[in-house]
Amino acid sequence: MAGGWARDGAVQDQIDASVEDAVALARSRLNAGSSVVESLTHCEECDQAIPEKRRQAVPGIRLCIKCQAELEKQQTSAGGINRRGSKDSQLR
C-alpha cells in the first residue's frame, strides 16, 4: 500500500530499480570477454609491483591494492542517492 501521491507498488518499483542498478554496476566491473586476461606484474597507475598472490587471487588484475581502493572509493562516493525516489521521500 502506497501513501500520499505514490501509486500502489511504487516502493517495490524503487527497490527493483535499486537492485537492477547494483547488478548493472557489478557486471560493468567484471572483466570483459570470456577468456581470462593475464594479470599485470606492475600497477598501471603507479607502477608499483603487484604481489604474485594478488595476481593469482584476482585474474586479470591491473591495479595494486592502494590504487584499487582509491578507484573503488571514487566509484562509491558518486552513488548513494536514489534518484528514482519520490520528492517527498527525499525531503524527510
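This is a predicted model: local features need pLDDT of at least 70, side-chain atom pairs count only at pLDDT 80 or more; totals for chains, interfaces and linings use all residues.

Colleague: Okay. Is Cys 64 buried or exposed?

Modeller: Cys 64 counts as buried, because its relative accessibility is 4%.

Colleague: And how many disulfides are there?

Modeller: The count is 0, taking a disulfide as a pair of cysteine sulfur atoms within 2.5 Å. For Cys 46, the nearest cysteine sulfur belongs to Cys 64, 3.7 Å away. For Cys 64, the nearest is that of Cys 67, at 3.6 Å.

Colleague: What about the accessibility of Cys 46?

Modeller: Cys 46 is at 39%, so it counts as partly exposed.

Colleague: Switching topic: how many salt bridges does the structure hold?

Modeller: There are 2, where a salt bridge is a side-chain nitrogen of Lys or Arg within 4 Å of a carboxyl oxygen of Asp or Glu. One of them joins Arg 62 to Glu 44, with the closest N and O atoms 3.2 Å apart. Arg 62 is in the loop between H2 and helix H3 (65–77) and Glu 44 in the loop between H1 and H2, so the pair ties together parts 18 residues apart in sequence. Helices here are DSSP runs (H or I, at least four residues), numbered from the N terminus.

Colleague: Where does the Arg 55 and Glu 52 pair lie?

Modeller: Both are in helix H2, 3 residues apart, or about one turn of the helix. Glu 52 is partly exposed, at 42%.

Colleague: What's up with the phi of Asp 47?

Modeller: It's near 65°, a positive value in a residue other than glycine. Asp 47 lies in the loop between H1 and helix H2 (52–57), and is exposed at 57% relative accessible area.

Colleague: Last one: which residues make the nonpolar surface patch?

Modeller: Val 11, Ile 15, Val 19 and Val 23 make a patch of about 320 Å². Ile 15 lies in helix H1 (residues 10–29) and counts as partly exposed, at 44% relative accessibility. Patch residues have over 30% relative accessible area and no salt bridge, with like charges joined within 9 Å and nonpolar side chains (Val, Leu, Ile, Met, Phe, Trp, Tyr) within 5 Å. Accessible areas come from the Shrake-Rupley method with a 1.4 Å probe, and for residues only the protein chains shown count as cover.

How values were computed
Residues are numbered from 1 along each chain as its sequence is written. Side-chain values use heavy atoms; hydrogens and water are left out. Helices (H or I, at least four residues) and strands (E, at least two) are DSSP runs, numbered from the N terminus. Buried means under 20% relative accessible area, exposed over 50%, partly exposed in between (1.4 Å probe, protein chains only).
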